[in-house]
Amino acid sequence: MPVNSFGPLLVLALTIFLCIYLYVVIVAWREKQYFLCLTILLICIGASLNILVITVNDHKMPLILTKGDYIRDHESLKYTPLTSDTKLAILADVLKKHRKTYSVGDIFIEAGILSFAVHIIFMAIPLLRRK
């Protein structure tokens with residue numbers, strides 16, 4: 001079965017994933033866990049941006065290639081080179097740091113993970129002071 005035939009199923013699965021995340025945000029908001037809401041929203045925004053750019057570009061993430069870079073055979077199912085025909089190129093993997101490339105969505109996801117770690121630390125401080 002060609003990879004592109006999984007497109008509608010992928011979009012459905014990711015939509016369900018995002019709905020579950022939004023449900024968790026609503027529950028966290030009702031419990032007055034506002035920092036947790038921020039964490040979940042950052043991750044949802046990042047995932048949504050990545051899903052959007054992948055969906056409009058034939059279900060592959062566009063990847064910026066510099067001199068000497070290439071897409072390996074096992075990565076060709078996930079990535080496509082960034083060209084002038086790429087849609088929403090600003091959301092693709094265009095941010096390079098060392099040998100890794102990141103997208104705007106990846107930055108939002110990492111910010112969400114970092115804020116979750118901060119949330120856990122601040123929740124643990126009062127527990128540690130009680131002892």
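Predicted model: local features only at pLDDT ≥ 70, side-chain atom pairs only at ≥ 80, totals over all residues.
Residues are numbered from 1 along each chain as its sequence is written. Local features need pLDDT of at least 70, side-chain atom pairs count only at pLDDT 80 or more, and totals for chains, interfaces and linings use all residues, while side-chain values rest on heavy atoms, without hydrogens and water.

**Pocket**

The second largest pocket has a volume of about 160 Å³. A pocket here is an open set of points on a 1 Å grid over the protein atoms alone, where a 1.4 Å probe fits, with protein on both sides within 12 Å along at least five of seven lines; lining residues have an atom within 4 Å of a point. The volume is the space filled by probe spheres set on the points, which are joined across faces, edges and corners. Its lining consists of Leu10, Leu14, Ala47, Asn50, Ile51, Ile54, Thr55 and Ile109. Both α1 (7-30) and α2 (34-56) supply at least two lining residues each, and α2 gives the most, with five. Helices (H or I, at least four residues) and strands (E, at least two) are DSSP runs numbered from the N terminus. By class, the lining holds six nonpolar, two polar and no charged residues; Ala, Val, Leu, Ile, Met, Phe, Trp, Tyr, Cys and Pro count as nonpolar, Asp, Glu, Lys and Arg as charged, and the others, Gly among them, as polar.

**Aromatic pair**

The structure holds one aromatic pair. Rings of Phe, Tyr and Trp (its six-membered ring) pair if their centres lie within 6.5 Å; planes under 30 degrees apart count as stacked, over 60 as edge-to-face and the rest as tilted.

**Loop residues and accessibility**

Buried means under 20% relative accessible area, exposed over 50%, and partly exposed in between (1.4 Å probe, protein chains only).

| Residue | Relative accessibility | Class |
|---|---|---|
| Trp29 | 53% | exposed |
| Tyr34 | 42% | partly exposed |
| Asp58 | 44% | partly exposed |
| Thr86 | 14% | buried |
| Leu88 | 37% | partly exposed |

Thr86 lies in the loop between β2 (79-81) and β3 (95-97). The side chain of Thr86 reaches the backbone nitrogen of Thr83 at 2.9 Å. Beyond its neighbours within four places in sequence, Thr86 is in contact (heavy atoms within 4.5 Å) with Asn57, Pro62 and Pro81.

Leu88 is also placed in the loop between β2 and β3, and its phi is positive, about 55°, although Leu88 is not a glycine. Asp58, in the loop between α2 and β1 (61-63), has a positive phi near 60°. Most residues other than glycine have a negative phi.

Key
Polar contact = N/O pair within 3.5 Å; in protein donor to acceptor, adjacent residues only side chain to side chain.
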